[in-house]
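Q: I have the sequence and the model open side by side. Could you walk me through some of its local features?

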Amino acid sequence: MPTILHPKYAPQQTALENLAVHFEQSGTLIVKGARNSIKTNELNNETVSIKFFKTPGFFKSIIYSWFRQSKAKRSFDYALYLQQHGILTPFPIGYIEERKALGLLGDSFYFCQHIDYDFTIRELIHDPLFPNRKVIIEQFTEFTFKMHEANINFLDHSPGNTLIKEVGDGRYYFYLIDLNRMRFEPMNILQRMDNFKKMWLSKTMLQTVAATYARLSGISESELWPILWQTSQDFKRKINKKKWLKRKLRK
């Protein structure tokens, strides 16, 4: 299993490989998906998070082996890029790729430090009385603006993919996770506002986003708001239509 590690963790290669080998039998399950799972485990008295990517199907295995980087490798490389540009993400430890016959990709693992976070955007969406809700959305918008200024287009910018930690004095830290879908490109206003659509924010929260982004970018709120509102509404209609069709097909 080829193993690529941050230099800080190179002395612990054997221990990390053992965590991968015994992934199914040890650790604490955090997320169990059809193809990907996340666990925490102990690495020399430090808690680490391990994301497991199941062996892709034959044709995808060919693509990930010869034409495109694996999700584990992208997660690691993108985390390093985020760090270099001052965007918080759990510290990237490394990744492991299992290789099969003909060099085809098998199972793979991404390791990072575990973050004891307080909540995600999802909790704010479902609780209009969440403490400091407006302040958190303002700071989250600042975080996203900083990401856009670093030419980071996070394609999975959704409610569960930013971990939030309260650090006192009304300040919050934001950590990006689930990193394997990003593009690195200069972003125009349409792309920037479109990047908020998967957050599923209410109208009031979107108004806070528009006002804060306008202050940071120097672009008028009257120019940002129609784009932000339209892209968000289009996305919600699209998802709701899919849900409606699925319910119809089940009948």
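**Loops, strands and rings**

A: Let us start with Asp-169, which is found in the loop between S9 and S10; helices (H or I, at least four residues) and strands (E, at least two) are DSSP runs numbered from the N terminus. This is a predicted model, in which local features need pLDDT of at least 70 and side-chain atom pairs count only at pLDDT 80 or more, while totals for chains, interfaces and linings use all residues. Residues are numbered from 1 along each chain as its sequence is written, and side-chain values use heavy atoms, with hydrogens and water left out.

Q: Is Asp-169 buried or exposed?
A: Asp-169 has a relative accessible area of 83%, so it is exposed; buried means under 20% relative accessible area, exposed over 50%, and partly exposed in between (1.4 Å probe, protein chains only).

Q: And what is its phi?
A: Phi of Asp-169 is near 55 degrees, a positive value in a residue other than glycine. Most residues other than glycine have a negative phi.

Q: Which strands does that turn join, and how many residues lie between them?
A: S9 and S10 form a hairpin with two residues between them, and Asp-169 is in the turn. Six bridges join S9 to strand S10 (residues 171-176), and the two run antiparallel; two strands pair if DSSP finds at least two bridges between them.

Q: What else pairs with S9?
A: Strand S7 (residues 119-120) is joined by two bridges to strand S9 (residues 162-168), again in an antiparallel arrangement. Ile-164 is the bridge partner of Phe-119, and the partner of Ile-164 in S10 is Phe-174.

Q: Where is Asn-44, and what about its phi?
A: Asn-44 is found in the loop between strand S3 (36-43) and S4, and it has a positive phi of about 50 degrees although it is not a glycine. Asn-44 counts as exposed because its relative accessibility is 57%.

Q: Moving into S4, is Lys-51 buried or exposed?
A: Lys-51, which lies in strand S4 (residues 46-53), counts as buried because its relative accessibility is 14%.

Q: What does its side chain meet?
A: The side chains of Lys-51 and Asp-178 are joined by a polar contact of 2.7 Å, that is, a pair of N or O atoms within 3.5 Å, where within protein one must be able to donate a hydrogen and the other to accept it, and residues adjacent in sequence count only if both atoms are side-chain atoms. Leaving aside residues up to four places away in sequence, Lys-51 also touches others, including Asn-36, Ser-108, Tyr-110 and Asn-180, with contact meaning heavy atoms within 4.5 Å.

Q: New topic: how many aromatic pairs are there?
A: A search of the whole structure finds 15 aromatic pairs; rings of Phe, Tyr and Trp (its six-membered ring) pair if their centres lie within 6.5 Å, and planes under 30 degrees apart count as stacked, over 60 as edge-to-face and the rest as tilted. One of them is the tilted pair of Phe-76 and Tyr-95, at 5.6 Å centre to centre and 50 degrees between the planes. Phe-76 lies in helix H3 (residues 71-84) and Tyr-95 in strand S5 (residues 92-99), so the pair ties together parts that are 19 residues apart in sequence.

Q: Are those two buried or exposed?
A: Phe-76 and Tyr-95 are both buried.
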